[in-house]
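Here's a quick tour of ring contacts and helix packing. Have the coordinates open and follow along.

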Amino acid sequence: MFKKILIANRGEIAVRVIRACHEMGIAAVAVYSDVDRAALHVRTADEAYPIGAPAAAESYLNISKILDVAARSGAQAIHPGYGFLSENARFARACVEAGVKFIGPTAQAMNAMGSKTQARQAMERAGVPIVPGTSRGLESIEQAEQVASRIGYPVMLKAAAGGGGKGMRLVQAPQDLKSALEGARSEAERSFGDGEVYIEKAIINPRHIEMQVLADEHGNTVYLGERECSLQRRHQKVVEEAPSPIVDPAMRSRMGEVAVRVARAAGYTNAGTVEFLVDQDKNFYFLEMNTRLQVEHPVTELITGLDLVHLQIRIAAGERLPFTQEDMKIRGHAIECRVYAEDPDNNYFPSPGKITLLLQPSGPGIRRDSGMYEGWTVPMDYDPLLAKLIGYGTDREQAISRLTRALNEYFVGGIKTNIALFRRILRHPDFLAAKLDTGFLDRMLKQNADLQAESGKDESAVEVAAIAAGMFAVLGSAAAGAGERASGDGAAPSSPKAVSKWKSAAQQEAVR
Ligand code: MV4
């Protein structure tokens with residue numbers, strides 16, 4: 001077993017991995033950029049090494065600097081977390097060459113899943129259900145038109161080198177296909193340096209359901225249940241839950257078997273996730289495979305009772321899985337909220353700054369994976385994920401009630417966060433009814449925006465009327481002639497009581 005592991009990451013996931021190391025009696029080495037000097041992961045680790053300027057390319061993405069710290073610290077393994085270098089085949093290979101164990105899949109396995117068309121070809125060979133369409137780049141507009149008429153509109157054009165929604169185009173009708181294909185090709189060329197574009201039947205309002213898989217280095221591969229990840233905003237997950245409310249045991253077995261087949265086809269080892277699109281009739285189609293531990297792994301840990309980071313480290317140390325597929329049991333329900341330093345009143349733009357007050361929830365069924373503390377300054381240089389708040393219960397209702405209770409205990413002062421958004425989501429009738437799909441959040445946010453526009457208009461009208469009434473009360477006489485005081489108390493509303501009196505008077509005015 002390793003005696004020392006370097007965590008090549010920052011934020012909440014670095015803290016989470018350091019905790020697993022400490023629980024296993026393994027020393028943890030942190031790396032940090034200049035703005036992360038006082039970060040929680042640096043304070044939690046046993047050793048910490050500066051690796052450079054805030055820009056990721058100068059620090060958390062810098063392979064040679066990270067391997068240099070591994071050598072100097074004597075770390076025998078590196079955990080990449082998620083994001084940064086976690087799916088970088090060149091880094092995985094560099095670790096092997098440096099004699100440091102990469103806690104994750106091999107570079108080959110990463111490459112097998114990297115190109116969307118190669119992945120689709122591998123899936124076809126493995127008999128895995130993929131969305132009807134082509135598994136190779138389109139050769140011509142004629143071919144595109146032919147395939148589109150075969151699979152039926154609407155169709156989705158996708159960049160082979162794309163992912164996460166980039167380089168995707170929905171085409172509703174034949175007359176739009178030619179220009180859409182040209183646009184998709186040039187965007188793919190510009191964004192990924194690879195203009196290959198393929199075509200799929202568009203699944204309308206799909207659910208995004210992903211299956212956690214785990215494989216040791218001795219040929220044992222299991223699935224650990226699915227996660228419902230349909231609540232996304234601009235391809236960024238916001239709320240995830242396990243199990244999915246629409247997956248019954250039979251469907252779970254079918255999806256799990258397919259996910260294991262995908263992992264085996266890729267020669268996969270360690271923790272990985274197979275993503276599916278699920279249509280309204282509960283047909284599921286392979287979307288892509290993520291070759292890293294995911295942000296939302298805690299919801300799977302809570303319903304399986306497993307610690308995925310412990311297992312990742314054990315697998316990387318050459319141990320066999322300590323259980324079989326038959327041992328896998330799911331119990332209870334878990335829901336995760338991703339707490340971001342974002343300003344909901346400013347299009348969810350990042351809201352960096354000093355955390356001046358921090359009240360954090362706990363209590364029955366609450367897990368908090370956090371990278372922040374009171375007094376810490378949230379930098380503007382990285383993804384603004386601050387923490388994950390997870391509610392666990394016997395069933396979905398109890399998980400919701402605990403998470404709602406915990407959200408009401410959460411207060412982060414000094415910066416803006418999206419915590420209020422979760423309160424709205426968790427009480428939304430469609431969420432409570434588990435009527436989820438990838439369009440849910442966009443619809444809910446649009447609904448709120450429309451309502452605000454409505455009330456906002458009235459609200460600003462009230463504000464204007466209040467100010468006008470106040471001005472008249474104070475200045476009316478001046479405006480009307482010699483400087484006598486106008487009717488009413490005339491004093492500018494210094495006290496909140498006076499303001500509210502003005503507002504209510506103005507309200508009557510506005511609605512008249
Ligand atoms: C699709 C689709 C509908 N039909 N493919 C978006 C990101 C990338 N992972 C694949 N995505 C989609 N592919 C077909 N044939 C709808 C989406 C999609 C989506 C998928 C998963 C989670 C969120 C999404 C948000 C918008 C669109």
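## Aromatic pairs

There are six aromatic pairs in the structure, where Phe, Tyr and Trp (its six-membered ring) pair if ring centres lie within 6.5 Å, with planes under 30 degrees apart called stacked, over 60 edge-to-face and the rest tilted. Take Phe276 and Phe284: the ring centres are 5.4 Å apart and the planes meet at 85°, so this pair is edge-to-face. Both Phe276 and Phe284 are buried (under 20% relative accessible area, 1.4 Å probe, protein chains only). Elsewhere, Tyr60, Phe84 and Tyr382 are joined into a cluster by ring pairs.

Keep in mind that this is a predicted model: local features need pLDDT of at least 70, side-chain atom pairs count only at pLDDT 80 or more, and totals for chains, interfaces and linings use all residues. Residues are numbered from 1 along each chain as its sequence is written, and side-chain values use heavy atoms, leaving out hydrogens and water.

## Charges over rings

Arg43 lies over the face of Tyr373, 4.0 Å from the ring centre. Likewise, Arg396 has its charged end over the ring of Phe431, at 4.4 Å from the centre. The test is NZ of Lys or CZ of Arg within 6 Å of the ring centre and within 35 degrees of the ring normal.

## Two packed helices

Which angle do H7 and H8 make where they pack? Helix H7 (residues 141–151) and helix H8 (residues 177–192) pack at about 120°, and their axes are 10 Å apart. (Helices are DSSP runs of H or I, at least four residues, numbered from the N terminus; axes are lines fitted to C-alpha atoms over the stretch in contact, with angles from 0 to 180 degrees between N-to-C directions.) The contact (heavy atoms within 4.5 Å) involves Ile141, Ala144, Glu145 and Ala148 of H7, plus Leu177, Lys178 and Leu181 of H8.

Definitions and conventions: Buried < 20%, exposed > 50% of the residue type's maximum accessible area, 1.4 Å probe, protein only.
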